[in-house]
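Here is a friendly tour of one protein model. Keep the structure open beside you and look up each part as you read.

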Amino acid sequence: MEITARALNRATLGRQLLLRRESLGTVDAVRRVVALQAQHAASPYVALWNRLAGFAPAELDAAFADRAVVKATLMRITLHAVHAEDYQGFREAMEPTLYGSRLGYRFAAAGLTPADAHELLPGLLSFAERPRTAAEMEAWLEERLGVEKKAGAWWGLKGYAPLHHAVTGGPWSFGWRPSFRAARTGALSARGREISPEALRSLLLRYLEGFGPASVADMAQFAMVQRTPIRQALRALDGAAEELQGPDGAALFDLPGAPRPPADTPAPPRLMAMWDSILLAYADRGRVIPPDYRRVVIRNNGDVLPTLLVDGYVAGVWRPVDGGIEATAFHELPPAAWDGLAAEARSLTALLADRDPRPYSRYDHWWAKLSGAQVRVLPG
């Protein structure tokens, strides 16, 4: 079966609850979309506001506080918010990647080895049975390793160890100075660089639920796992995934019977969060970001600007300003699109006003480098 580029876009939007706002509870919605990127504390809130009818931020506050939704270093070695029941399996699938990326470089430069990490982990996690600041974690490591090794040790362990970010308060549950808490997991894994085939297969199935159809390259990008293990995992699924032909002739994989809306399904305008997962979960980001706009939206240092989604594709960027939301469109938009964005801006302004009217203000410097066909302030 062949799937067109536009049908692929609509399948992506549908899985990510962006064809219409769904009437779901917050915790169930996080499970449905699989993972929300969470480098910026506000972004999971904005992401769910885009996806849920009547989204109540207090529900996400409570989910984080109760640890029904957890924030941790996972896919692509970056912060994600995921359903608590998904965390352990995702981490097991990611362990070789975390091991390779976090137990080298500064960790190794401090004179430490992976064996040192595994010796330290039980005590570190016991210490973090209650929330601990980064300073407290470094002090614990200093007592055991000395002052010269503590910074490198903490750099490695804060990404590799099974730790959740602990709620610290503030408008978006987590402040700029994070605290950490041991994850609620079973026995510590000692696989190191060895991939858990079962965990990887489970991760790929969950990925396809939320982001499919997808290529091997897409799955490798999402998880930052090499392609060979992914191909092996797909072969081992034995009918749990079917193969399609993508718009460029490449092989795509999906779950049998998974929803794939028609290519002409309407896609409403949206004001997407910074680092929204829909922009980053694929090697081929052209399914949502037109190629000419990719370098504008995804900056060289990895910042991913908050975007306008029009007819299912990135059409510009937005930021809060005095009086509402400033929308910069990269091409001329029809009046109906501006009307839809204006309605979104009123709703988003109300959401932000109760929390933090300018959550992304530290990134305003990027706007000096932008040029747009149309710039409007949409009143709040």
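Strand 10 (residues 307-310) and strand 11 (residues 313-321) run antiparallel and are joined by 4 bridges. Keep in mind that you are looking at a predicted model.

- Strands of a sheet are held together by backbone hydrogen bonds, and the pairing can be parallel or antiparallel.

- Strand 4 pairs with strand 6 (residues 179-182) over 2 bridges, in the antiparallel sense.
- Arg-132 has Phe-180 of strand 6 as its bridge partner.

**The largest pocket**

- Empty space is found by rolling a probe the size of a water molecule over the atoms.
- The largest pocket holds about 550 Å³ of space.
- Which residues lie nearest its centre? Of the 26 residues that line the largest pocket, these are Gln-39, Lys-71, Leu-79, His-165 and Pro-178.
- Strand 2 (69-73), helix 9 (147-160), strand 5 and strand 6 each give two or more residues to this lining.
- By class, the lining of the largest pocket has 11 nonpolar, 10 polar and 5 charged residues.

**The second largest pocket**

- The second largest pocket contains about 260 Å³ of space.
- Its lining is made of 16 residues, and those nearest the centre are Gly-14, Arg-15, Leu-17, Arg-32 and Pro-259.
- At least two lining residues come from each of helix 1 (5-15), helix 2 (26-33) and helix 10 (197-211).
- Helix 1 provides the largest share of this lining, with 3 residues.
- The lining of the second largest pocket divides into 8 nonpolar, 1 polar and 7 charged residues.

**Helices that pack together**

- To describe two packed helices, we give the angle between their axes and the distance between the axes.
- Helix 7 (residues 114-127) packs against helix 8 (residues 134-145) at an angle of about 140°, and their axes are 11 Å apart.
- Why is this pair called oblique? Angles over 145 degrees would count as roughly antiparallel and 65 to 115 as roughly perpendicular, so helix 7 and helix 8 are oblique to each other.
- The crossing of helix 7 and helix 8 is right-handed.
- Helix 8 also crosses helix 9, at roughly 125°, with the axes coming within 8 Å.
- Helix 8 is therefore oblique to helix 9, and their crossing is right-handed.

**Two backbone details**

- Gly-212 and Pro-213 are joined by a cis peptide bond, with omega about -5°.
- Pro-213 sits in the loop between helix 10 and helix 11 (216-223).
- Val-34 is a residue other than glycine with a positive phi, near 80°.
- You can find Val-34 in the loop between helix 2 and strand 1 (36-37).

Terms used:
Residues numbered from 1 in each chain as written. Predicted model: local features only at pLDDT ≥ 70, side-chain atom pairs only at ≥ 80, totals over all residues. Heavy atoms only, no water. Pairing = 2+ DSSP bridges. 1 Å grid on protein atoms, 1.4 Å probe; cavity = no way out; pocket = protein on both sides within 12 Å on 5 of 7 lines; lining within 4 Å. Points joined across faces, edges and corners; volume = space filled by probe spheres on them. Nonpolar A, V, L, I, M, F, W, Y, C, P; charged D, E, K, R; others polar. Axes fitted to C-alpha atoms, helices over the stretch in contact; angles between N-to-C directions. Parallel < 35°, antiparallel > 145°, perpendicular 65-115°, else oblique. Left-handed = near helix turned anticlockwise from the far one by under 90°.
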